[in-house]
Amino acid sequence: MSQDSQHGKWTISDKRKPDKITTFFKQEPKLSPKCNEDTHSVNHPSAPSMGSEARTATHVNQTNPVKYESNPSPSVKRKRETEEAGWNLSSSDDETPTSALKNEPKKSKVSPKRKKTEDKRPPSPHGTSYYKEEPADFFETNLLSMNDMYRFYLNKVTGIPKKFNTGALHIKEILSPMFGTLKESAQFNYCFDIPWMVEQYPPEFRDKPVILVHGEKRESKARLIEHAKPYPHICFCQAKLDIAFGTHHTKMMLLWYEEGFRVIILTSNLIRADWYQKTQGMWMSPLYPRLPEGSPETAGESPTNFKRDLLEYLEAYQAPELAEWIDRIKQHDLSETRVYLIGSTPGRYQGPAMEKWGHLRLRKLLSEHTKPVQNEEQWHVLGQFSSIGSMGLDKTKWLAAEFQRTLTTLGKPGKSLVYPSVENVRTSLEGCPAGGSLPYSIQTAQKQLWLHSYFHGWHADVTGRSNAMPHIKTYMRVSPDFTQLAWFLVTSANLSKAAWGTLEKNNTQIMVRSYELGVLYLPSAFVTIFRLTNIFHLACF
């Protein structure tokens, strides 16, 4: 462990040898060109996309095997051109329209390879008997193993040794009486399996009012409403998506108890597959008590202005259905929060509003609340995500320009992107169908081959999750020996301009397509309550 330095670093562990990299997102040698090509092919058209798998889960509760679709209808294909589905073919002006891709000469050359690869795949394990009910001792029964200081948790994973699930959380635990006597809840998410979601609430809370905040339109919206008909306690709030190819990708729970109020910001969809054998992450707030009657509006604010920022995020929906939740938050004391909120909301922003959302929000916080890092070039910036969008024909179009400038606010570093390879997926707990939650379209991949030089494979040996494919999304800056963090972000935002925003009009405007939400950990927010900064000791990750 090390004390705070002038650079605001966190000590992760002082017991690991530098030559043994023990970070949660451990690097491996850069993939060879062949492996990189394989990485792109994880989600070629013959493989199940997150869109098809998640929608199947929503419609039939994943009781049928995963469907392999090769020629989706135009309406389905347009729906897939979203953040979570990974088909952001139209999220950049540099992209060739989908229709034009059909006329490319090399298209016919690629197809036979994809068919050949499909023939070698093992059968999908996602059949009627794939999901197993967990024994009672799978779940936590008390709060003794909970991380009260930093409140960052992984999800429980089926099929790994029990010791790796200690202190991790399942959705059934989050919604259980262990954390409060629930009166009402709000679920913000991208994908919903309503019957499955309802079953995750304990019987005593199963009929408590729930509002689902979603981004569905037309037929998919009608299906969502239809699936909720057996549950009269469920109502809906549709998020406005006025910019093409944007999605409501935020994943958040608002839980109102008899004892107070709680916020959970996470990376999991509300479908069974996301809580079964994937790696997910979440931040769970403390239990916020109610403020005394007559408290001023500024009461209950945290050192990180979390209350103000959460209210501003909810107000951005401009939804009457959320007015009551906004009032409830105002009535509670959020002063114990030690993380910063980083959100994205669709729109075009100028002037001071440019720094309210997306990656410019992250840049502003890093500029204001951190100090430069010594030997900066040795401190790596790591980005880890489950979907990759279109970033242009070369790295200067977005990644190595505005986005990299945000991530390197503390100085120029080495840069790495952690994304599973084909071998990672093939040998995972789920097998090849796990690739359905790691979308990266072959059309987009072929247009940004320059991205290969950034790639590193997925390993999570310390937490026993190397074979649990990551749907978690994290960004961080780590010391050369992987024992300290300058900052850490867990978020719903994947690597795309739709999620993080892109500058326009000679950098005088930022355009954001999607709703996203995450929390940023900075050492300065914890220094008053924890002098030895050993955040994220890797044994508890």
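Q: Where in the chain is His249 found?
A: His249 sits in the loop that runs from β5 (234–238) to β6 (252–257). The model is predicted, and the values below are computed from it.

Q: What makes His249 count as buried?
A: Buried means under 20% relative accessible area. His249 has 0% relative accessibility, so His249 counts as buried.

Q: Which feature does UniProt place at His249 and His471?
A: The unreviewed UniProt entry places the feature "active site" at His249 and His471. The annotation comes from that record and may be inferred rather than shown by experiment.

Q: How do you know that these two positions cluster in space?
A: They are spread over 223 residues of sequence, yet the largest C-alpha distance is 12.8 Å.

Q: Where is His471, and is His471 buried or exposed?
A: His471 is in the loop between β13 (455–456) and β14 (474–478). The relative accessibility of His471 is 0%, which is under 20%, so His471 counts as buried.

Q: What makes the pair formed by Thr267 and His471 a polar contact?
A: The distance from the backbone oxygen of Thr267 to a polar atom of the His471 side chain is 2.8 Å. The cut-off for a pair of N or O atoms is 3.5 Å, and one atom must be able to donate a hydrogen while the other accepts it. At 2.8 Å the pair lies within 3.5 Å.

Q: Why is strand β15 called largely enclosed?
A: Strand β15 covers residues 484–491, and eight of its eight residues are buried, so the rest of the structure largely encloses this strand.

Q: What joins β15 to strand β18?
A: Four bridges join β15 to β18 (residues 516–521), and the two strands run antiparallel. Here Phe488 stands opposite Tyr521 in β18.

Q: What is noted about the phi of Phe482, and where is Phe482 found?
A: Phe482 has a phi near 60°, which is a positive value in a residue other than glycine. Phe482 is found in the loop between β14 and β15, and this hairpin has five residues between the strands.

Q: How do you know that the side chains of Glu184 and Arg328 make a polar contact?
A: They are joined at 2.8 Å, and the cut-off is 3.5 Å. Glu184 also touches other residues, including Pro209, Leu254 and Trp325.

Q: What makes β2 and β5 the edge strands of their sheet?
A: Seven strands form an open sheet of mixed pairing in the order β2-β8-β7-β6-β3-β4-β5. β2 (152–154) and β5 each have a single partner strand, so one side of each has no neighbour in the sheet. From one strand to the next, the twist averages 20°.

Q: Which helix packs on this sheet, and what does that helix touch?
A: Helix α9 packs on the sheet and touches β3, β6, β7 and β8, with its direction at about 110° to that of β6.

Q: What makes helix α9 mostly covered?
A: Helix α9 (residues 306–315) has ten residues, and seven of them are buried. Among them are Phe306, Leu310 and Tyr313.

Q: How do the axes of helices α11 and α12 meet?
A: The axes of α11 (residues 358–369) and α12 (residues 399–407) come within 8 Å and cross at roughly 35°. The crossing is left-handed. Residues of α11 including His359 and Leu362 take part, with Glu402 and Phe403 among those of α12.

Methods:
Residues numbered from 1 in each chain as written. Predicted model: local features only at pLDDT ≥ 70, side-chain atom pairs only at ≥ 80, totals over all residues. Heavy atoms only, no water. Buried < 20%, exposed > 50% of the residue type's maximum accessible area, 1.4 Å probe, protein only. Pairing = 2+ DSSP bridges. Contact = heavy atoms within 4.5 Å. Axes fitted to C-alpha atoms, helices over the stretch in contact; angles between N-to-C directions. Left-handed = near helix turned anticlockwise from the far one by under 90°. Lists of a residue's contacts leave out its neighbours within four places in sequence.
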